Amino acid sequence: MPITPLHYPLAFVLSKTGKRFLLPGVVVGSFIPDIEVPLMWIFFSDLPDHLFLHSLVGAVLAGTLLAVLATWFFYPPIISALFQVNKQDLKDSCSLSYMLVLSCLIGVLSHLLLDYPMHWFNPILWPWVNPYDVVGPLVLFFAPYGPINGTAFRLANAFTSVIMVVAWIAILVYYRKRNLWRNHWLGKSSSESAQ
Ligand SMILES: [Zn+2]
């Protein structure tokens, strides 16, 4: 992973590609696959720490389901408490709907898309393809500078993280005087959400 929250900028951009996509679902979906990492460390330390939720089959099925539940039940109370975004508007966006499921699916897929280039092993096609046979292209690009599970991975990770931080700053600066937290976490103006 880049640090999990750094998946936000890609999720934000993708949420803008469809008028009806729900930013909360895309954002939560983009964070969800990494919840398996600490669990793998604790319970399955002999297995790769990215596995089930970082595979296409696991992300699409379990990742999307977890993201829908997390967005539906936890997003409105947490975001309204922390960022003073209108709770009812959040609830309207986050209630169970076909669009919420689709938005969460886009989010989890965006997580895999961002993780893949910068990891030296990828369980994308697990359980059919060994994760260690799938090396990210960015890691291969940096391979002349060191081992793929060492320096090359760290350079690929740093490169991806820098791009995401710059993108995030751009989002914050662009919206700083335009209802920042509403646009950041809900992604709709009041008039749009009233429709
Ligand atoms: Zn990840």
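Predicted model: local features only at pLDDT ≥ 70, side-chain atom pairs only at ≥ 80, totals over all residues.
1. For reference, the ideal angle for four tetrahedral donors is 109.5 degrees.

2. Which residues hold the zinc ion? The ion is coordinated by Asp34 and Asp115 through OD atoms, and by His54 and His111 through NE2 atoms, at 2.1 to 2.2 Å. Along the chain, these donors follow the spacing D-x19-H-x56-H-x3-D. The pair Asp34 and His111 links distant parts of the chain, 77 residues apart. Asp34 sits in the loop between helix H2 (23-31) and helix H3 (36-43), whereas His111 belongs to helix H6 (residues 98-118). Both Asp34 and His111 are buried.

3. The protein chain has 10 helices and 0 strands, and its elements, read from the N terminus, run α-α-α-α-α-α-α-α-α-α. The radius of gyration is 17 Å, close to the 16 Å given by the globule rule for 195 residues, so the chain is as compact as a globular protein of that length. Along the principal axes, the C-alpha atoms fill a box of roughly 50 × 35 × 30 Å. Of the 195 residues, 48% count as buried.

4. The surface carries a nonpolar patch of about 870 Å². The residues that make it are Leu65, Leu69, Trp72, Phe73, Phe74, Ile78, Leu82, Leu96 and Val101. Which helix gives the most to this patch? It is helix H4 (residues 56-83), with 7 residues. Leu65 lies in helix H4 and has a relative accessible area of 53%. Leu65 therefore counts as exposed, because the cut-off for that class is over 50%.

5. The count of salt bridges comes to 1. The side chains of Arg182 and Asp89 form this contact, at 3.0 Å from N to O. Arg182 lies in helix H9 and Asp89 in helix H5, so the pair ties together parts that are 93 residues apart in sequence. Are these two residues buried or exposed? Arg182 is buried, and so is Asp89.

6. Most residues other than glycine have a negative phi, and most peptide bonds are trans. The peptide bond from Trp126 to Pro127, however, is cis, with omega near 10°. Pro127 is found in the loop between H6 and helix H7 (137-142).

7. Where in the chain is Gln84 placed? Gln84 stands in the loop between H4 and helix H5 (87-94), and with a relative accessible area of 67% it is exposed. Asn179 is in the loop between helix H8 (151-174) and helix H9 (180-185).

Terms used. Residues numbered from 1 in each chain as written. Heavy atoms only, no water. Donors = N, O, S within 2.8 Å, 3.2 Å for Na, K, Ca; no water. Helix = DSSP H or I, 4+ residues; strand = E, 2+ residues; numbered from the N terminus. Buried < 20%, exposed > 50% of the residue type's maximum accessible area, 1.4 Å probe, protein only. Patch = residues over 30% accessible without salt bridge, like charges linked within 9 Å, V, L, I, M, F, W, Y side chains within 5 Å. Areas by Shrake-Rupley, 256 points an atom, 1.4 Å probe, with all protein chains shown as cover. Salt bridge = Lys/Arg side-chain N within 4 Å of Asp/Glu carboxyl O. Rg over C-alpha atoms; globule rule 2.2 N^0.38 Å.
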